[in-house]
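Good morning, and thank you for the time on today's agenda. Please have the sequence and the structure open while I speak.

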Amino acid sequence: ILDEPTSSLTKAETEILLDIIRDLKRKGVACVMISHKLDEVAAVCDTVSVIRDGAHVGTRPMKEIDTNEIITMMVGREIKNLFPREEHPIGDVFFEARNVTCLDVDNPARKRVDNISFKLRKGEILGFAGLVGAGRTETMRALFGADTRISGEVFVKGQKVEIHSPSDAVRHGIGYLSEDRKAFGIATGLSVRDNCVMADLENYCIGPIMNDKKIDNIATEYINKISIKTPSLRQLVRNLSGGN
């Protein structure tokens with residue numbers, strides 16, 4: 001059973017893994033591969049099963065369908081244009097980083113990010129690409145104040161801001177979505193309700209006392225809004241499924 005086996009692999013490494021799967025098939029070994037990468041599914045799978053929202057949508061022989069049909073089964077509707085182009089104006093510089101450098105958390109003698117500068121304009125989506133270990137994550141964590149910058153400046157709307165911690169970043173309207181939800185996105189030992197409010201906890205307290213009713217209300221709102229499947233507000237996050 002292979003669960004998203006190529007999520008951290010390069011293209012060359014992925015091809016090696018797919019060849020191993022093909023070899024196992026020839027030897028009569030049954031393989032179950034869970035993946036959202038449909039080109040890989042098409043390359044090695046004989047049969048495709050689609051599960052959506054915890055329900056079995058359908059099972060088809062791979063030779064009888066194409067990736068567009070699989071996508072339709074996955075999302076529940078036909079998508080004629082996967083990447084529609086939408087014209088929108090690009091405005092002035094909204095966020096800027098200048099000469100950002102930070103050290104490796106585990107090895108302070110080594111730089112993980114060295115003299116990075118960029119500008120982000122209003123209405124623009126800026127992407128950073130690179131292999132695992134190239135420093136993409138460390139760049140974002142340094143800008144967010146999660147890792148210590150040894151040099152560099154950050155500007156929001158043209159004004160220099162001091163960001164020494166994630167709390168500083170949040171105060172300046174900066175958000176961070178972690179690539180590793182278990183390590184950095186949630187507190188697995190806390191409940192669903194606690195995780196819903198812990199990033200903004202001061203707004204749910206009256207002095208040193210937590211407002212339990214307000215926390216319960218906002219947690220219930222999040223559970224309904226984004227369809228979190230949990231038996232109760234106080235369920236530990238570690239006991240939920242990965243998607244939830």
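This is a predicted model: local features need pLDDT of at least 70, side-chain atom pairs count only at pLDDT 80 or more; totals for chains, interfaces and linings use all residues.

In helix α4, the buried residues are Glu138, Thr139, Arg141, Ala142, Leu143 and Phe144. Directly after α4 comes glycine 145, and its phi is positive, near 85°.

Threonine 139 lies in α4, which spans residues 136-144. Is threonine 139 buried or exposed? Its relative accessibility is 6%, and because buried means under 20%, threonine 139 counts as buried. The side chain of threonine 139 comes to 2.8 Å from the backbone oxygen of glycine 135. If we set aside neighbours within four places in sequence, the contacts of threonine 139 are Val113 and Ile116.

I turn now to the nonpolar cores. As a general point, nonpolar side chains in soluble globular proteins tend to be buried together. Here, the largest nonpolar core contains 16 residues. Those with the most contacts inside this core are Ile21, Met33, Val41, Val44, Val48, Met62 and Ile70. At least two residues of the core come from each of α1 (11-26), α2 (38-44), β3 (47-52) and α3 (67-75). Apart from that core lies another, made of 15 residues, among them Cys102, Phe118, Ala142 and Ile174. Ala142 brings us back to α4, where it is one of the buried residues.

Leucine 2 belongs to strand β1, residues 2-3. With a relative accessible area of 19%, leucine 2 is buried, because the limit is under 20%. Beyond residues up to four places away in sequence, leucine 2 touches Leu17, Ile21, Cys31, Val32, Met33 and Ile34. Between leucine 2 and serine 35 there are 33 residues of separation in sequence, while their C-alpha atoms are 8.5 Å apart in space.

Isoleucine 34, one of the contacts of leucine 2, sits in strand β2, residues 33-34. Isoleucine 34 is partly exposed, at a relative accessible area of 39%. Together with Ile1 and Val32, Ile34 makes a nonpolar surface patch of about 330 Å².

Terms used: Residues are numbered from 1 along each chain as its sequence is written. Side-chain values use heavy atoms; hydrogens and water are left out. Helices (H or I, at least four residues) and strands (E, at least two) are DSSP runs, numbered from the N terminus. Buried means under 20% relative accessible area, exposed over 50%, partly exposed in between (1.4 Å probe, protein chains only). A polar contact is a pair of N or O atoms within 3.5 Å; within protein, one must be able to donate a hydrogen and the other to accept it, and residues adjacent in sequence count only if both atoms are side-chain atoms. Contact means heavy atoms within 4.5 Å. Patches are made of residues with over 30% relative accessible area and no salt bridge: like charges are joined within 9 Å, nonpolar side chains (Val, Leu, Ile, Met, Phe, Trp, Tyr) within 5 Å. Accessible areas come from the Shrake-Rupley method with a 1.4 Å probe; for residues, only the protein chains shown count as cover. A salt bridge is a side-chain nitrogen of Lys or Arg within 4 Å of a carboxyl oxygen of Asp or Glu. A nonpolar core is a set of buried Ala, Val, Leu, Ile, Met, Phe, Trp, Tyr and Cys residues joined through side-chain atoms within 4.5 Å.
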